[in-house]
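Trainee: I'd like a close look at one part of this structure. Could you walk me through it slowly?

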Amino acid sequence: MSATRTQSIHAEVCVIGAGAGGAVVAAELAEGGMNVVVLEEGHEHDPDKFTARAPEMLAELYRDGGQTMTLGAPPILLPLGSGLGGTTLINSGTCFRTPPRVLERWAREFGLEVDERSLRPCFERVERALSVSEVTPELAGGNAAVARRGAERLGWSHGYLRRNARGCVGSGVCAFGCPTSAKQHTGITYIPRAKRAGARIVTGARVERVLTHGGRATGARARMASGTAIDVRAPIVIVAAGTIHTPLLMARSGLGGGSGQLGSNLSLHPAMGVFALMDEIVDMAKGVPQSFYVDEFAAQGIVFEGVAGPPAYVAMSLPLTGARHAAAMANYRHLAQFGVMVSDSSRGSVRALAGVPLIRYDLVDADLQRFRIGLARMRELFEAAGAREVYLPLPDGVSPQGARLRDLKPMAFHPLGTARADARATHGVIDGELAVHGVRGVYVADGSAVPSSLGVNPQMTIMALATRLAFGLLGRDVEDAQASLEAA
Amino acid sequence: MPNGSSSPACTSEGVPSGVRDPIDTFIASAPPLQRTGMRLLVALARRPRGAALLARVPATNQLAQIVLVLGHYDDPAVGCALGWDGAAVVARGRALRRAEGRP
């Protein structure tokens, strides 16, 4: 007979998850004087163990080895980060503020009182904390040079991306663990700040339930791999387990189900990579992998962003087989790659099946059409840049305009919306202040709160909303805090 | 014009992997159903008769090939021959972190 130990911790705030949302809200609250505990399912990663070797790093830094898949037409690979920093640990570091047209839509459709002016100090605070700045042409790498040449010849709108990096030397392996710690992911920025301010960070803790009593939060119960249970007793619980896992945790806890929207409204930003064989040496992995964008077609929901990696990454992404694959790989130094990202109209869902997330997502015709246009335009971009050959991610003989759903093999990196914010309890899981409808003291601060597809990388939106939540809970004005910081 | 022969030699040995078999580790980290399916596919793809069988089902064959090429091009010697010196990238990162007191 074995006895399971239970450890109790008392705090004012329990934050579940240490990614883009959880780490930010934990640091701001701890620095604001609150007693904070963070429960993170993953581990703290030692950059000395980053080897830049794709299969090993996928297994180490990603949930399910980066092999999370959606079910639907077509199936979509959805890599998610795991550990302190969450997906900020393995993303490309691209930083966009929420586009004003998206904020206007949130006000119009979801009754949210967030606008460009009110969010500006939150963005400024996050950007300062993460050293956000524009990539320089010198660091942008050969991939960006190819795309820039094509865009300039076609007269398409383009630019260098802003990133959260400091002292970047263009290692080219953002997705496999930054070996220089230049990428300012939340595991090396906000989490150390939270610790310094007294927050307790518990890693390897899988949260089983958010605890409530009488319609109020009372804490959370987690379990360690050893079997030890941890009960955090706290009147405020902030769920930031990510867009895929937050709705499952809330459902297990009997929370957020009133509107019928929990686990629904999943948007993903599906994307596909296109390769080109150039005469010049590109050396795509020398420089920042995602350093440049083309937004000529943003109004149609299509954005092009750089993507690159070492040979192992290219080998598994290259849409060729057999001798053609080997021949293209032999010219690795001459390969360029860029991604087509779609601001999706499709919506999916997340449910639990035997405790495992079942992610359903079918691409609608409007998004298929976006891919058809995007792939055709991407080929045009590479041809304008002087490509010798363009390798579209489509079966032999299929043109972009003739592509069907079964011809597409997208990936997606930006899951959002499964606990969406809506001022009306009948339409959303949380309100405009990110508080769960129908219960007091439970909040959501991750991508699941974002009520619509953004059309741009979402980490800054998530972090700005988390900052806003923290200052709301502290009863302080983020604009004043930001002004003090600037003055200091 | 690309000719596949423009790769400089690497300046250092490859970074030793932290795991015994990176591909086995990669497959083992997949969700349970995918893990079982991938092990089966890769085992088939590594045998001549199995590969011939897989070739009849292109989508499945492609999945197996992705795992196999991932393993092949992860080999530091192969990467090096293609002009990517992963060991130098990692060594530079570690040196920078130590020299500048980065996390």
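Trainee: Which residue is the bridge partner of Arg209(A) in S9(A)?

Mentor: Keep in mind that this is a predicted model. The partner you want is Arg221(A), which sits in S9(A) and bridges to Arg209(A). Strand S9 covers residues 216-224 of chain A, and S8(A) pairs with S9(A) in the antiparallel sense, over eight bridges. Those two belong to an open sheet of four strands in chain A, with the order S1-S10-S9-S8 and mixed pairing. At the edges you'll find strand S1 (6-10) and strand S8 (205-213) of chain A, each pairing on one side only. On average, neighbouring strands in this sheet are turned by 20 degrees against each other, if you ignore direction.

Two packed helices are described by the angle between their axes and the distance between the axes. For helix H1 (residues 22-31) and helix H11 (residues 459-474) of chain A, the axes come within 8 Å and cross at roughly 30 degrees. On the H1(A) side, the contact is made by Val24(A), Val25(A), Glu28(A) and Leu29(A). H11(A) brings several residues, including Met463(A), Thr467(A), Phe471(A) and Leu474(A). Sort the contact of H1(A) with H11(A) by class and you get ten nonpolar residues, one polar and one charged.

Key
Residues numbered from 1 in each chain as written. Chains lettered and ligands numbered in written order. Predicted model: local features only at pLDDT ≥ 70, side-chain atom pairs only at ≥ 80, totals over all residues. Pairing = 2+ DSSP bridges. Axes fitted to C-alpha atoms, helices over the stretch in contact; angles between N-to-C directions. Contact = placed C-beta atoms within 7 Å. Nonpolar A, V, L, I, M, F, W, Y, C, P; charged D, E, K, R; others polar.
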